[in-house]
Every structure is written in C-alpha cells, then in structure tokens.
Amino acid sequence: MNATTSCRVCRGPVEEFLDLGRQPLSDAFRLPDADDDEFFYDLRVGLCGSCSMVQLMREVPRERMFHADYPYHSSGSRLMREHFEATAERLARTELTGPDPFVVEIGCNDGIMLHALAERGIRHLGVEPSAGVARVAAERGIDVRIDFFEEATALDIAATHGPADVIYAANTICHIPYLDSVFRGVDALLGPGGVFVFEDPYWGDIVEQVSFDQIYDEHFYLFTARSVQAMARRFGFDLVDVAALPVHGGEIRYSLARIGERTPSGAVAALIATERERGLDRSATARRFAARVHRVRDDLVTLLRDLRAQGRRVVGYGATAKSATVANFCGLGPDLITFVSDTTPAKQGRLTPGSHIPVVGPGDFRTARPDYAVLFAWNHAEEIMAQEDGFRAGGGRWIRYVPDVQTV
Ligand code: SAH
Ligand code: TMP
Ligand code: ZN
C-alpha cells in the first residue's frame, strides 16, 4: 500500500506515486574531509486527490536548505541572464508604469532579475534568506532583505515600504511548503489592482520528458495550471494568465490577481483543458510516469556499467541540484562517474551530496579528455555544448537521459 498524507494546500488526501529513495540535500556539496553525518530524507512524491497538486510527502526544514552557504548562483548561465533581463523589461513596460512603482521579488538570489529594474531606477526589494547570494545582490546595488518571505515578513515590508504593485518570484514559490502564509503575506503587501507573478517548472513538461530530476528537496511542489488555479482561489486570488517559458526544461509563468480584479485570459482555460485531456490530474497518469522513471534509471545504470566494463572514462557535466536525485536514485558514485565539471566556484573542490563525486572546474574537464560526459545540466544543453564544442570534435560523446537515455 502506498502512503497517504494530507495536502499542504487544501488538506485533501495525497496519494504517493513515486519513491525516489533516500536522498541528501540536493545543494549540500561536501568538503572532502567533512566528518559530520550527512543529512538524508526519503524523497517520495504524491498527487492530491482533491486539488491535484503534486507535492513531496515529506518536507525538509527550510534552514537546512537555504542558508549563508547556499551554493546556487542564478547568474551562472548566460541564457538565464537574458531571460531575466527580458522579464524585467516586460514587467517595467506592462506593470510598473504608475508613479513611483514598487516591486518585491521573493527569492531574488544574486539579483539576476532585480538588477535590471534597479538600473531603471525602479523602487524594489528582494527577499532572500540565503545570505551568501543575497550579499552578492546587495553588492550589485540591489535592496535586499535577508529573510524568508512569509506573512510576518510581508506585513513588515508593507508597513515600511507601502504596497507593492508587483510581487514576483522565479523558481522559488515551488520551494515553499507553507504557501498559506505566503498568500496571506501577498494579500497584505500587494496593492489594489496589483499582480503576483511566479514561474516554476511545469509538471506537464516533467511528465512528457520524464525529467524526474526536477523532483528534489527544494522543489516541494510541481505545479500545473489547474493546481495553481485551485490554490489561488482558496486564498482569495485567481489565475488570470499563463505563459509557457523555454527555460529549465519547461516552465509556466502564472499571473495571479485578487478575485474579480482582472479578467482571466483565454490561455488559462485552454491550458487547464489540455491538462485534463492529458490526464495530469489523474493518479493513473502519475503511476505511468513513475514506471517510465524506473525504465530511465535501468537504462542509465546499464549503459554506465557497460562503459565502465569497456574501460571508458565517464564524467558528469553540471553539478546541478537536479543531479542529486539522479545520482542517488540510480546509485551513481565515483566508480561510474569520475568527476563532475561545474563553473560554480562554491561547488568546485567539493563532493556531490550523497554520491560523493568530486566537483571540478571546466578547465579540468578539458584537460582530462574523457570519453563520455553525462549531461546533468541538460536544461543548459545548448549553452554547454556550444562552449564545449571541442569535446565532441575530439571524439567525446554526451550522455543524455531526458527524455530517454541516449549518447550524442
Ligand atoms: N529566482 C532565482 C533563484 C531561484 S533559487 C532564479 O530563478 O534563478 C530559489 C531561491 O529561493 C534561493 O535563492 C532560496 O534561498 C530562495 N528561497 C527559499 N525559500 C524562500 C522564501 N521563503 N522566501 C524567499 N526566498 C526563498
Ligand atoms: P541549474 O540547472 O539548477 O540551473 O544548474 C546548472 C548548474 O550547471 C550550475 O551549477 C552551473 C552549472 N553550469 C556549468 O557548469 N556550465 C554552464 O555553462 C552552465 C550554463 C551551467
Ligand atoms: Zn490539495
């Protein structure tokens, strides 16, 4: 019998459909000589039978994930920098046009989006609990509050700065189990007629591409338009627009406004209808997805063991948070993957969480001339393959596992 729990949004019954096993914190890169006990939890995922929200069965305490040493720096990718500059330009043009507009970003990280609004002289505040990345944003001239966004934070911001015209978040709302408090905060801080915009990985794309590595401790929720609409309405808001984004393997940008303040665009009903046709709200679909996940695991492990038996040198590319799920679910360690290359200084010289594969810089990748590289950062494939064109030219092959295992 699969476990059930109650939905973090609506208290309905959540039925487990996939067990990804014992997992470490996905961003807890370890020093080679660390001797403390590594934290592990059971990564299991379920579907709410009531509101159809896909969510983890167990929550990891937020302070364990988001702290001064949180290593993910958003500005590491050129594609993402361009994406957020375009986002800032769009917000400035469409929503921040009144006198002295004010925008709050939840999870601003190193300021990848806000810097473009700050440069336009727009009043802004980033709320970011991970002090290390928040400091980078502050050094770029961005106003940052080192804090978790929740009701109390929002009340304090509203009292100090006044109402916000836009509350924005990217790849952050799905990280927050306590969304009831977040919505109370948004309601307290958002001015009349204001909009709450957030973008996160889309469950529809994850199912289609079997990108199960989007499931890890930080991604507590995997949203659909239907589940976001149900959640919004529960908290006095409505889903008024949706837009598909070609980043991080497929995301949706959701725009929410207080019920009755804006007319929902036709795109909302259209996307929800498509989701219903695809059965994204049904547990049979979720269980079929789980079966495909197991197939990908078996194919990847078979390939890597065969390559090892043939004496091939296999490494990884991109020490992503996502890759923790793959490495630990598939039992990959330094015996199968010699090292993982990553441009993030805070990850280099450390070991991947749970799987303990050394992380090195791209210079070491180039001098090592491996035979194969598992593309863990598959969402940055174009950017990475262009940077590393010498790898394939020298006979190297990429191993991809989304949507299925193949060498290219
Ligand atoms: N917006 C950036 C960062 C995404 S990573 C981007 O899209 O690239 C998620 C960020 O959310 C981290 O920097 C983390 O510290 C932050 N975060 C987690 N919980 C939060 C909360 N309750 N309030 C605000 N930020 C939070
Ligand atoms: P993400 O998939 O969560 O955005 O993480 C991408 C990781 O890949 C991050 O640790 C940085 C790394 N990376 C590289 O090593 N080289 C690159 O060219 C890019 C774009 C990312
Ligand atoms: Zn629910």
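Me: Which residues come nearest to ligand 1?

Reply: One begins by listing the residues with a heavy atom within 4 Å of the molecule. In this predicted model, there are 21 residues around ligand 1, and those that come nearest are Ser 74, Glu 128, Ser 130, Phe 149 and Asn 171.

Me: How is that shell divided by class?

Reply: The shell around ligand 1 holds 12 nonpolar residues, together with seven polar and two charged ones.

Me: Where does a nitrogen atom of ligand 1 meet a backbone N or O atom?

Reply: To find polar contacts, one looks for pairs of N or O atoms within 3.5 Å. Here a nitrogen atom of ligand 1 lies 2.8 Å from a backbone N or O atom of Phe 149. Side chains take part as well: an N or O atom in the side chain of Tyr 178 is 2.9 Å from a nitrogen atom of the ligand, and one in the side chain of Asn 109 is 3.2 Å from an oxygen atom of ligand 1.

Me: How much of ligand 1 does the protein bury?

Reply: Ligand 1 exposes 570 Å² when taken alone, and the protein buries 98% of that area.

Me: What volume does the second largest pocket have, and which residues lie nearest its centre?

Reply: Its volume is about 540 Å³. Of the 25 residues that line this pocket, Asp 27, Ala 28, Phe 29, His 67 and Arg 350 lie nearest the centre. Helix H1 (62–65) and helix H4 (131–139) are the elements that each give two or more residues to the lining.

Me: What classes of residue make up the lining of this pocket?

Reply: The lining of the second largest pocket has 12 nonpolar, three polar and 10 charged residues.

Methods. Residues numbered from 1 in each chain as written. Chains lettered and ligands numbered in written order. Predicted model: local features only at pLDDT ≥ 70, side-chain atom pairs only at ≥ 80, totals over all residues. Heavy atoms only, no water. Polar contact = N/O pair within 3.5 Å; in protein donor to acceptor, adjacent residues only side chain to side chain. Areas by Shrake-Rupley, 256 points an atom, 1.4 Å probe, with all protein chains shown as cover. Nonpolar A, V, L, I, M, F, W, Y, C, P; charged D, E, K, R; others polar. 1 Å grid on protein atoms, 1.4 Å probe; cavity = no way out; pocket = protein on both sides within 12 Å on 5 of 7 lines; lining within 4 Å. Points joined across faces, edges and corners; volume = space filled by probe spheres on them. Helix = DSSP H or I, 4+ residues; strand = E, 2+ residues; numbered from the N terminus.
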